[in-house]
Each structure stands twice: as structure tokens, then as C-alpha cells.
Amino acid sequence: EAQYKVGEALITGTGVAVNFVQAAKILKSAADSSHKKAQYLYGRLLEQGRGIKKNLSKALKYYLSAAK
């Protein structure tokens, strides 16, 4: 949960400077640990190509995992 909160803050700039690259790294770690909200946010970063190379097929994978 903590990783998700930090990743979300890095995306929104809440209390920290916006940093999509760092957010992607942190959210991937949380997403790969089955955190549903992190899976969704990481999927969005992949879909939009923010902080990480755009990859629609991987984005779909994370969206589907989040929906389970």
C-alpha cells in the first residue's frame, strides 16, 4: 500500500515533485505484488507512455489483472 501511495503522489505531485519515471518504477513493484490500484495506475502509465515506453499490450495485461 505504501508503494502505491508514493507512486500516486509522484504522479499527482502531492507533497513531492511530479516524476513519472520514478512513479512507474514504484508502481510496477506494487503492481507485480498484486496491488489492484497499482496495477491500474501502472497500466495507465503504460497506455500513455508516461515515465515508461508506451506499451498497449502490457497496459491491457495490468488492466485485466486489476479487474480480477
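1. Starting with Ser34: this residue is exposed, with a relative accessible area of 51% (buried means under 20%, exposed over 50%, partly exposed in between, using a 1.4 Å probe and protein chains only). Ser34 sits in the loop between α2 and α3; helices here are DSSP runs of H or I with at least four residues, numbered from the N terminus. Its phi is near 75 degrees, a positive value in a residue other than glycine. Most residues other than glycine have a negative phi.

2. A word on what you're looking at. This is a predicted model, where local features need pLDDT of at least 70, side-chain atom pairs count only at pLDDT 80 or more, and totals for chains, interfaces and linings use all residues. Residues are numbered from 1 along each chain as its sequence is written, and side-chain values use heavy atoms, with hydrogens and water left out.

3. Gln39 is worth a click. Gln39 belongs to helix α3 and is buried, at a relative accessible area of 6%. Leaving aside neighbours within four places in sequence, Gln39 is in contact (heavy atoms within 4.5 Å) with Ala31, Ser34, Tyr62, Ser65 and Ala66.

4. On to α3 as a whole. With 13 residues at 1.5 Å a residue, α3 should span 18 Å, and its end C-alpha atoms are 19 Å apart, which agrees; the expected span is 1.5 Å times one less than the number of residues. Ala38, Gln39, Leu41, Tyr42, Gly43, Leu45 and Leu46 are the buried residues of α3, and what covers them includes α1 (2-12), α2 and α4. Just after the helix, Gly49 has a positive phi of about 70 degrees.

5. How do α1 and α3 meet? They pack at an angle of about 35 degrees with their axes 10 Å apart; axes are lines fitted to C-alpha atoms, for helices over the stretch in contact, and angles run from 0 to 180 degrees between N-to-C directions. Tyr4, Glu8 and Ile11 of α1 make the contact with Lys37, Ala38, Leu41 and Leu45 of α3. Also in α1 is Lys5, which is partly exposed at a relative accessible area of 47%. The C-alpha atoms of Lys5 and Ile26 are separated by 9.6 Å, with the two residues 21 apart along the chain.

6. Helix α4 (residues 56-67) has twelve residues and reaches 16 Å from first C-alpha to last, close to the 16 Å expected at 1.5 Å a residue. Ala59, Tyr62 and Ala66 are buried in α4. Seen down the axis, the buried residues fall within an arc of 65 degrees, so they line one face of the helix; the arc is that of the directions from the helix axis to the C-beta atoms. Ser57 and Ala67, on the other side, are exposed. The buried residues of α4 pack against α2 (20-31) and α3 (36-48).

7. Finally, the largest nonpolar core: twelve residues in all, including Tyr4, Leu27, Leu41, Tyr42, Ala59 and Tyr62. Such a core is a set of buried Ala, Val, Leu, Ile, Met, Phe, Trp, Tyr and Cys residues joined through side-chain atoms within 4.5 Å. The elements giving two or more residues to this core are α2, α3 and α4, and the largest share, five residues, comes from α3. Leu46 is another member; leaving aside neighbours within four places in sequence, Leu46 is in contact with Ile52, Lys53, Lys54, Asn55, Lys58, Ala59 and Tyr62.
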